[in-house]
Amino acid sequence: MSYYKHHIFFCLNQRDGGQACCAPHAAHAAFDHCKQQVKAAGLAGPGGVRVNKAGCLDRCAGAPVAVVYPEGTWYTFVDTTDIDEIVESHLKNGQPVQRLVLPAEVGR
Ligand code: FES
């Protein structure tokens with residue numbers, strides 16, 4: 001069994017020169033909200049869920065992005081309502097949110 005049941009990483013990176021990146025798409029707010037919701041749901045900690053910041057995950061064209069391990073499920077999202085759905089469906093109940101899954105072809 002892995003140390004965390006689910007480990008979610010949010011890209012918070014800002015890129016120069018107007019290139020596609022996550023920071024301008026409220027990635028920090030999404031990260032903070034996810035952390036709060038996971039804690040409020042009693043999911044945080046060993047055997048549960050860990051929410052971490054990440055640098056560029058190299059899928060910037062889909063910004064903002066987050067990835068959940070060990071499944072390797074990649075998400076793109078718009079607002080905190082989407083984050084709530086990821087927390088409730090995936091991180092709490094183990095059901096990925098298909099409507100928010102990042103298409104496989106999206107890269108940098
Ligand atoms: S800036 Fe977020 S994936 Fe590259």
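User: Why does alanine 26 count as partly exposed?

Analyst: Alanine 26 has 16 C-beta neighbours inside 10 Å. A residue is buried with 20 or more other C-beta atoms within 10 Å of its own, exposed with 12 or fewer, and partly exposed in between, with C-beta atoms placed from the backbone. The count of 16 falls in between, so alanine 26 is partly exposed. A word on the ground rules: this is a predicted model, where local features need pLDDT of at least 70, side-chain atom pairs count only at pLDDT 80 or more, and totals for chains, interfaces and linings use all residues. Residues are numbered from 1 along each chain as its sequence is written.

User: What makes the phi of alanine 26 worth a look, and where does the residue lie?

Analyst: Phi of alanine 26 is near 60°, which is a positive value in a residue other than glycine. Alanine 26 sits in the loop between E1 and H1. Aspartate 58 also has a positive phi without being glycine, near 65°, and its place is the loop between E2 and E3.

User: Is aspartate 58 buried or exposed, and how do you know?

Analyst: Exposed: aspartate 58 has 11 other C-beta atoms within 10 Å, and the limit for exposed is 12 or fewer.

User: What makes E1 a partner of E2, and in which sense do they run?

Analyst: Pairing takes at least two bridges found by DSSP between two strands. Strand E1 (residues 6–11) and strand E2 (residues 49–54) have six bridges, so they pair, and they run parallel. In that pairing, histidine 6 stands opposite valine 49, and histidine 7 is opposite arginine 50. On the other pairing, E1 and strand E3 (residues 65–69) share four bridges in the antiparallel sense, with phenylalanine 10 opposite alanine 66.

User: What hand does the β-α-β unit of E1, H1 and E2 have, and what does that term mean?

Analyst: E1, helix H1 (residues 27–40) and E2 make a right-handed unit. With the strands pointing away from the viewer, the path from the first strand over the helix to the second runs clockwise.

User: What makes a set of residues a nonpolar core, and which members touch the most others here?

Analyst: The set must be buried Ala, Val, Leu, Ile, Met, Phe, Trp, Tyr and Cys residues joined through C-beta atoms within 7 Å. The largest one has 21 residues, and Ile8, Phe10, Ala30 and Cys34 touch the most other members. E1, H1, E2, E3 and helix H2 (80–92) each give two or more residues to this core, and H1 gives the most, with five.

User: Which residues does alanine 30 touch?

Analyst: Leaving out residues up to four places away in sequence, alanine 30 touches Phe10, Pro64, Phe77, Thr80 and Ile83. Contact here means C-beta atoms, placed from the backbone, within 7 Å.

User: How do you know that the bond between alanine 63 and proline 64 is cis?

Analyst: Its omega is about 0°. Proline 64 is found in the loop between E2 and E3. The peptide bond from tyrosine 69 to proline 70 is cis too, with omega near 15°, and proline 70 belongs to the loop between E3 and strand E4 (73–76).

User: Why is phenylalanine 9 called partly exposed?

Analyst: Phenylalanine 9 has 18 C-beta neighbours inside 10 Å, a count between the limits for exposed and buried. This residue of strand E1 is in contact with Asn52, Ala54, Ala66 and Val67, leaving aside its neighbours within four places in sequence.

How values were computed: Two residues are in contact if their C-beta atoms, placed from the backbone, lie within 7 Å.
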